[in-house]
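Happy to walk through this one with you. Shall we take it question by question?

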There are 2 protein chains.
Amino acid sequence: MLATGLFSNEARNLGKSARTRARLMDAAVELFARDGFKAASVNEIAKLAEMANGTFYVHFRDKREIVQAVTLGIAQELARQLDEAMVDIDDAVERVSMATRRFLDLALTSPDWGRAFFRAAWAFRDLRENMLSFLRADLERGRDQGAFTVEIDDVLIDTFASMIMGALFGRLAGDFGPEAGARVAELQLRMLGVPPQRAHAVANRQLPELRLTIAALPKQLKPDPVPSR
Amino acid sequence: MLATGLFSNEARNLGKSARTRARLMDAAVELFARDGFKAASVNEIAKLAEMANGTFYVHFRDKREIVQAVTLGIAQELARQLDEAMVDIDDAVERVSMATRRFLDLALTSPDWGRAFFRAAWAFRDLRENMLSFLRADLERGRDQGAFTVEIDDVLIDTFASMIMGALFGRLAGDFGPEAGARVAELQLRMLGVPPQRAHAVANRQLPELRLTIAALPKQLKPDPVPSR
DNA sequence: CCCATAAATGGGAGGTTTGTCAATTTTAAA
DNA sequence: TTTAAAATTGACAAACCTCCCATTTATGGG
């Protein structure tokens with residue numbers, strides 16, 4: 001039994017039902033990332049999670065339900081970690097740069113999650129809007145602080161987000177290295193009206209080490225005492 | 001028989017085989033736009049094209065083959081029209097703004113094509129790189145003309161393209177109106193280092209009426225539907 | 001350790017999908 | 001008009017899908 005995914009890790013101290021559910025969700029993340037939400041099949045999810053297909057329907061009413069659970073889980077986890085990483089930053093220029101760079105670093109920590117998020121962001125409007133509302137807050141903060149000279153409207157916010165999504169895709173595809181985050185952040189700041197020199201300086205400032213939290217611990221967990229099968 | 005799609009129109013003077021093939025491709029565009037390449041079924045494509053499923057296999061070996069034909073066809077058509085619209089523009093600032101705005105206008109002329117392009121651009125690397133090479137040429141032209149102060153590298157080009165894709169999505173989803181093209185172009189020019197005032201002026205200049213060419217025909221009577229999924 | 005209950009299993013009904021093929025209809029050249 | 005080639009049809013096998021459910025297996029409070 002593998003149980004190395006992030007959902008499984010999060011549920012490792014919960015009851016058996018929650019752990020099984022989490023294993024299904026981890027398998028789903030992997031398949032959603034590869035094939036998309038429509039093309040991934042319940043059969044394949046159960047097979048990848050190493051359980052009978054009937055088990056799936058004990059934990060989820062149907063495919064729609066696991067899609068919802070997975071996308072919500074990914075979005076919440078990303079938002080939580082991002083929020084935590086920026087909790088004591090006031091300067092909007094710093095926040096905006098940090099959001100982009102941290103988001104990319106986080107998503108790349110678990111590429112399957114990153115890929116699933118990429119798909120979900122285009123497919124589910126409410127998830128997208130939830131994420132954009134955080135962005136809007138920081139952009140308006142920057143305007144109020146006098147740092148951004150551009151008008152803040154829906155197109156701007158959406159465009160800003162698209163730049164992040166494009167970078168996420170490039171990183172996941174292996175087209176770009178880790179430096180892409182800083183580069184995109186710099187371009188974003190230029191777009192917003194931050195003087196080029198400051199944009200370059202802020203976007204390339206070294207970020208403090210990311211403090212990992214519960215769910216983000218990787219592999220190497222104690223195997224289940226009961227041998228499988 | 002409908003035969004109202006762009007491929008059908010392009011093939012309307014060719015032999016019967018080519019016309020049937022084109023009808024299948026038009027149906028495929030519609031389904032690819034709605035469901036994605038993986039989730040669309042051959043059965044449904046044939047049904048939408050009002051022919052027996054066996055006919056599909058006379059014209060295409062399998063689904064992979066029609067996906068390739070459709071994506072290639074869309075990309076070529078868009079590139080051809082864009083190229084024609086900009087043939088006598090020298091100033092890179094104008095070209096870059098025009099490429100974004102014209103592209104969005106074109107894609108919105110046939111929303112199904114736009115949606116299919118949106119999906120294809122993320123799914124097929126060679127198509128994406130083909131499009132990006134046009135972009136690179138104009139960006140380098142602007143640098144050589146001294147209009148852009150930003151360094152031109154892969155991340156910049158990709159980010160620039162992502163801004164267009166984000167706007168395309170927003171337009172197709174009905175989140176933005178026709179003014180979004182000019183707004184995004186303005187943001188792009190700011191990012192590139194064009195002074196804000198000039199960026200605003202160029203991006204909002206009225207474009208000459210687009211001269212339509214062969215394939216880019218007719219009405220689009222379907223009411224604007226929901227985006228993807 | 002007992003045993004009520006929760007969890008998991010695996011087979012199957014009923015539907016859809018892919019790709020094939022013999023039979024039929026349409027096309028167009030002579 | 002004739003006729004051979006080209007195009008189309010629709011039934012079908014085999015694979016695969018979703019969801020159900022009668023059973024078996026595991027868990028944990030008393």
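Some notes on conventions come first, then questions and answers.

This is a predicted model, in which local features need pLDDT of at least 70 and side-chain atom pairs count only at pLDDT 80 or more, while totals for chains, interfaces and linings use all residues. Residues are numbered from 1 along each chain as its sequence is written, chains are lettered from A and ligands numbered from 1 in the order in which they are written, and side-chain values use heavy atoms, with hydrogens and water left out.

Me: Which helix gives the most to the surface near DNA strand C?
Reply: Near means that a heavy atom of the residue lies within 4 Å of the strand. Helices are DSSP runs of H or I with at least four residues, numbered from the N terminus. Chain A supplies at least two residues from each of α2 (16–35) and α4 (53–59), as chain B does from each of α3 (42–48) and α4 (53–59). With five residues, the top contributor is α4(A).

Me: How far is a polar side-chain atom of A:Asn53 from a base oxygen of DNA strand C?
Reply: A polar contact here is a pair of N or O atoms within 3.5 Å. For A:Asn53 and the base oxygen, the distance is 3.1 Å.

Me: What share of the DNA strand C atoms within 4 Å of the protein belongs to sugar or phosphate?
Reply: Bases make up the rest of these atoms. The sugar or phosphate share is 65%.

Definitions and conventions: Polar contact = N/O pair within 3.5 Å; in protein donor to acceptor, adjacent residues only side chain to side chain.
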